[in-house]
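Trainee: May we go through this model together, one question at a time?

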Amino acid sequence: MTAPGKRGTAAVVGGRGFIGGACVEALREAGWDVVVVTHNARAAARHEGYRWGDMLDPTTLEPAVEGADVVVQSANFPDYPFEKPRQRHSFLEYDGLGTERLVRAARAAGVRRYVYVAGVGVTENPTKPYFQAIRRGELAVADSGMEHAVVRPAFVYGPRDNGINRIVRACRYLPVLPLPEGGRQNHQPVHVDDVGDLVAQAAAAGAPEGTFEIGGPERMTMRAMLTAALRLAGRSRPVVDIADRVARPGAHLLARLPGPLITPNALDFMLEDFVADLEPVTKHYRLRLTPFLDGLRSYLVR
């Protein structure tokens, strides 16, 4: 029985991650008892309120979400978006097949509602492998028979992100900022706490169902995003435009290094435009979208 004042139990798969961690905090603030589901068996054994669940091993998933009223899926493969297919660290294994495994486990465990954190850029008939994998996961959620919401964030940033922060760290040693295609890709950066807030609202019983894109209040290029972040961090660098004929062979070369800055598939992913249609989400949910510079200033200072 749910305690007075409590909404129930939410199992956050990937709750130790960047976006998943923000979802955990927002759900707790909203009154949920939260179970953090992690693929790290040692972390699950050490921490109260943690459970072991591996997106690659379906036998671990039903016990991980047992007793949950809501499942929130925010699980990315290690070193996302740098795929390692030989280790099954890929969009297909996590967003596609992994979502199908987790949906089956949630249904078997009697979960009422499912919230899937996917990503913008997905169409009904995608042609690119990473979008095909995410769309496969979205369809599994939509066809599950559970109440559901799909949250599609644009470029997510915050204190623990592995995008902007990775570039800022690298620029300690780089005299210039090299950007494929000059960083002309269009983005709509959204603060991680705003995504967590939407997920917490979408987890509530009777909350609007469907697919909801979320981005920040401004649209800008990747170049504008990174130059603003470097300026705030006191590491302004001139931008060097890296043509595709140079970037692609370079990505193949760098992919052989441990902890690579770029791989060919990740390069393709980075060259996408990630902007959100905010009309559906603002129609159905109450959101306060953080201006980009305000979000950066909250953690990224000189």
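Mentor: Over residues 11-215 the chain is 36% helix and 21% strand, with its end C-alpha atoms 24 Å apart; helices (H or I, at least four residues) and strands (E, at least two) are DSSP runs numbered from the N terminus. This is a predicted model, in which local features need pLDDT of at least 70 and side-chain atom pairs count only at pLDDT 80 or more, while totals for chains, interfaces and linings use all residues. Residues are numbered from 1 along each chain as its sequence is written, and side-chain values use heavy atoms, leaving out hydrogens and water.

Trainee: Which feature does UniProt place at residues 11-215?

Mentor: The name comes from an unreviewed UniProt entry. Such positions follow the numbering used here, feature names are shortened, and annotations may be inferred rather than shown by experiment. The record gives "domain: NAD-dependent epimerase/dehydratase".

Trainee: Against which elements do the buried residues of helix 5 pack?

Mentor: Buried means under 20% relative accessible area, exposed over 50%, and partly exposed in between (1.4 Å probe, protein chains only). Buried residues of helix 5 include Tyr130, Phe131, Ile134 and Val141. With contact taken as heavy atoms within 4.5 Å, the buried residues pack against helix 4 (91-108), strand 5 (113-117), strand 6 (147-153) and helix 10 (264-270).

Trainee: Which helix gives the most to the lining of the second largest pocket?

Mentor: A pocket is an open set of points on a 1 Å grid over the protein atoms alone, with protein on both sides within 12 Å along at least five of seven lines; lining residues have an atom within 4 Å of a point. This pocket is lined by 17 residues, with Phe18, Gly21, Ala22, Glu25 and Arg160 nearest its centre. Helix 1 (18-29) and helix 7 (192-202) each supply at least two lining residues. The largest contribution, six residues, comes from helix 1.

Technical notes:
1 Å grid on protein atoms, 1.4 Å probe; cavity = no way out; pocket = protein on both sides within 12 Å on 5 of 7 lines; lining within 4 Å.
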